[in-house]
Structures are given as C-alpha cells and as structure tokens.
Amino acid sequence: MKHKISADMLYNYSQCPHRLYLDLFEDSAKQNRESAFLKLLWERGIDYEKQVVSELKIPFLDLSSYSGSEKEKRTIDAIKQGVTLIYSGRISTAQLVGEPDLLLKKEGEYIAGDIKSGSAFEGENEETEGKPKKHYALQLGLYTDILTRLNHSTSRTPFIHDIKGRDISYDLGEAKGKLNQQTWWECYLETLSEIEQIVEKNVTTTPAHGGVCKLCHWRTHCLKSLIAAQDLTLIPELGRKKREAIHLQVQTLTDFAQKPLSDFKDGKKTIFPGIGLSTLSKFHARARLLAKIDTYAYTRKRIRFPRTDTELFFDIETDPMRDFCYLHGFVERHHGNPDTEKYVSFFADQVDEKLEERVFIDAWHYIKQHFPCTVYYYSPYEKTIWKKLSKKYPELIQPSEIEAFFKSPLVIDLYSEIVKKHTEWPTYSYSVKDLAQYLGFRWRDKNPSGAESIEWYHRWLEEKKLEIKERILKYNEDDCIAMRVLLEGIQGLPLKPHPST
Ligand code: SF4
C-alpha cells in the first residue's frame, strides 16, 4: 500500500470520506487557506498537551524532538526496555502508522492514550454523561491495532486525557449504544477497511454539501463541483445519506425539481426508503426554488408575530473551548421605527467567571427592563447557553426564570419556530447568513463567521487592541441586524400553502 493509514486519516474520513480522497489525490493548491480559527484550535491543542506533559506525575521518556523513523526506532527500543511512560512515540506496521501522545505500560502491556483539548465525551452536560466520541475511538482503535499486531498488547482499553484533566478509558469492546450493538472495535475495523478501499482507489467518493464543509479546506473546490453536478445535497438538510436513497431514481437537483412530486409517491409513502412524504415534499419544494422553477422564497403559512412596542434581536458569542460566554448583543427597535434602532452589548473583557456572571446578569436585567417585548434569536443555541449560565450562576438569576422566559410566546427562535417550519428559500442553507444575504443584507466584515469571531476574541485577550474589540462588536451587531432584516423578509413573503400530499 502506497499510503500508510494514520490517525489523521481516520479523523478526516469520519468527517467526510471525500475529504480523505481529496487529501490523498487532489492538488493541494486547490485548497482554501487555513482559517485563523483552525490555526487557533491547533495551537490550543498543542498548548494543552504541553501543560499536561509538564504536570505528569510519573517519569517519562520524551520523544517529541524526534520524527519519522528515528522516532519510531527510539519508541520500539523504549518498549523493549519496558519504559513505563513514553511521550510522543511512533509505532507502525506495513499498512498502519500511529503517533499516540502517550504509551503507558500497565500490567506488563502497553496501552495508548491521546491528550485532547476537548471533553472525552460527546453531548456531555448536567443532565447526561454523554458517550464516547467516534473519532477519538477510531484513532485509539488504530493505536491499539498497531500495538496488538506488534505483540505489545492484548488489551483494548486505550484512554483519552481530556480538557477536564480526566483519564477516560475507552473500552473498544463495548457496544456503541443501546440501539446499536456494534462495538467500537468492530466500528474501527469496518472504517479501516473502507479507508483501505479509498487508498487503493477501489472506490470513488463524492462530495456532499453539509455543515461539516464550513471549516473544511476543500469547501470552495467542492462547492464548485457540487453546483456543476447539480448535486442533490445542495438542497438544505438533505445530506449524504438521503442522497443515496434518492440517487437510484433521480440523479440531479434539476431532474428532481422538474418531475412532479407524484412520480415519487407510492400510496401514502414515497418510493425512497427512509424518506417520508412530508420530508420529500419539503425537499422537492427546495429543489424547485434552487432550479428556479419557483422564483422567490415563500411562506407556507401566514405568520402572525407578536405586536409589542419594543423588539430585541439577540445574539451571543461564546468560546466553546474555554466554555465561556463573552458577549450578549442586542439590537433594540421601538414601534417598528428604523430610526430608533440601537445596538446594546454586554462584553466580558477577560476570561473570568466573575465577569461572565456580571455580563450575564446585566444582559438579563436589560431584557427585564424592556419586558414585555418581543425577543428574537436564531437557533436553540442562545437558549441552551442561557440555561447553562443560569445553572452555573444561580445566586442572582433563578434557572426557573430563564426557563419561563424562553417559554414565553414573546420569545421566538426565528430559525426553529418560523424559518424551518414554515418557509422555503432558494439558498443552499438556512443559516441567518445565507438568508439575510439573499435578502440583500451585507455584513461589514469581509470574513464574517462565529468561528472567526472566537479567534478575534482570543487576539483581543492577548493584545487588548481596541480595533479587535470593535470588530467583534460590529460582527455581533450585524448578526442582530441580519435577524431584523430576516424578520422583515419573512413578513413580506408571499403565501404558498402546502400542496395536498
Ligand atoms: S468540503 Fe465538504 S464535501 Fe468537500 S471534502 Fe470537505 S467536508 Fe467533504
């Protein structure tokens, strides 16, 4: 095999099989430039690893200054000598190569571990303990596989040292879930064999448009080819899996849009396994808009928004890696009059829990001052974070107050309650960015994105330059204004009721 399979390849494959293919075989000059945010993520990972290693309680062999075959030779020598802990080693077989952060001798065998600057678990919060992360399990599976093939281990219990300082054992012999009895080890072997097929060019992969593309370095290249191919995944929310189901009957977005919906019906079902009639009808409507058969966005239902003197358009900014909410921004407007519009923000100048609590409380008092008013936000994120903050700082704000606030009919998640349920748009996603831009709104920043804003905040903390803070606030203000533009856009949409399915 020309390319040995590495942990990075497993990660990339788990994000998108086509990414792995492009990384291996496409001209890297076609990649987007690495974003400042991804660079920051990478740097934070390195910093955290350094910190963990500097605090290790047992003596260890540090191989981080070596690379390639020299690193590998020293790792194998150390294993033969029975060194208890090896940092930054390298192990390989004819087909596989791995560089686990840690190799630990336990009960006469070696187990591998990685240091991660994230939580060891997916979906971990106050209510649920979460579950192992697939990409972590795959990477640990690779190290374990190599150690087994080299006869250095029979154990399948590697570990993750996570951002909370915990050593979490990943039992690869465990089932992935109650409903999915496949073990993590079986999942690893299956993934490995799929990757081998790609590396050997026995299969071809195709791009699929989705949220994961936003941070991918092939995004411009892929979008061009998806548009050229009129790919079905350009339809918002359709995704790779549903495309496979539809693809056997209809290959392009245009073909799909041009055929009547009745062609795809089979009684009260559709001819596509796993896709119900109402979902298909939604995709079909979106395809018709993207194919310009229907020419303008529309609403399925006349929507009545609350009438209050004051409206607030609300957006927060957080740094998920630090688990820190640093900005609550509002655009307020009175009597629907644009001249009254103003931006109000509550910004944490540094990462400090006292400050996080202060700006949260100030933002809450600000809302209470105006309530009853209509509050708009976009996607459940604001609600999730505010609930979390109210549990973290319960002394001055009761979590029940925040619960009740988000249940009020005056507090509206424009995305989940309105856009997703009742409207259709000729755009490739229903993000507030895409929809507001479709309506003619332009962000003042050349490169507006939540991820980039995290990187700006990071630089603000380091450099304390006023222009960086202004950039963060301007971007947040524009996000709030975009919501107002979207609200007005929705209010002006023509009505097109659901066809009877
Ligand atoms: S842009 Fe999207 S489809 Fe293309 S390789 Fe990246 S993740 Fe895959």
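Here is a walk through this predicted model, from its domains to a few of its strands, helices and loops.

Residues are numbered from 1 along each chain, as its sequence is written. Since the model is predicted, local features need pLDDT of at least 70 and side-chain atom pairs count only at pLDDT 80 or more, while totals for chains, interfaces and linings use all residues.

Let's start with the overall division. The protein chain splits into domain 1 (7–199), domain 2 (230–295) and domain 3 (310–491), with bounds that come from an automatic or database domain assignment. Between the C-alpha centres of domain 1 and domain 3 there are 36 Å. Their contact takes seven residues from domain 1 and seven residues from domain 3; residues are in contact if their C-beta atoms, placed from the backbone, lie within 7 Å. On the domain 1 side, the residues divide into three nonpolar, two polar and two charged. Here Ala, Val, Leu, Ile, Met, Phe, Trp, Tyr, Cys and Pro count as nonpolar, Asp, Glu, Lys and Arg as charged, and the others, Gly among them, as polar.

Now to an open sheet of six strands, with the order β1-β2-β5-β6-β9-β10 and mixed pairing. Its edge strands, β1 (61–62) and β10 (167–169), each pair on one side only. Helices (H or I, at least four residues) and strands (E, at least two) are DSSP runs, numbered from the N terminus, and two strands pair if DSSP finds at least two bridges between them. β1 runs parallel to β2 (residues 85–87), joined by two bridges, and Leu-61 has Ile-86 in β2 as its bridge partner. Helix α5 (residues 134–149) lies across β6 (109–115) and β9 (159–161), at about 150 degrees to β6. For such angles, axes are lines fitted to C-alpha atoms, for helices over the stretch in contact, and the values run from 0 to 180 degrees between N-to-C directions.

Helix α1 (residues 7–15) has Ala-7, Met-9, Leu-10, Asn-12, Tyr-13 and Ser-14 buried. A residue is buried if 20 or more other C-beta atoms lie within 10 Å of its own, exposed if 12 or fewer, and partly exposed in between, with C-beta atoms placed from the backbone. The cover over the buried residues of α1 includes α2, β4 (97–98), α5 and α6 (184–199).

α2 also leads us to the ligand. Of the shell around the ligand, α2 gives the largest share, three residues, and α2 (17–25) and α7 (219–228) each supply at least two. The residues surrounding the ligand include Cys-16, His-18, Arg-19, Trp-218 and Cys-222; a residue is near a molecule if its C-beta atom, placed from the backbone, lies within 6 Å of it. The shell divides into nine nonpolar, one polar and two charged residues.

Further along, Gly-267 sits in the loop between β11 (265–266) and β12 (269–270). Gly-267 is exposed because it has 6 other C-beta atoms within 10 Å.

Our last stop is strand β14 (residues 310–319), where eight of the ten residues are buried. β14 pairs with β15 (residues 324–334) in the antiparallel sense over ten bridges, and Asp-315 has Gly-329 in β15 as its bridge partner. These two strands form a hairpin with four residues between them, and Asp-323 in the turn has a positive phi of about 55 degrees. β14 also pairs with β17 (residues 374–377), in the parallel sense over three bridges; there Leu-312 has Val-375 as its bridge partner.

Conventions. Contact = placed C-beta atoms within 7 Å.
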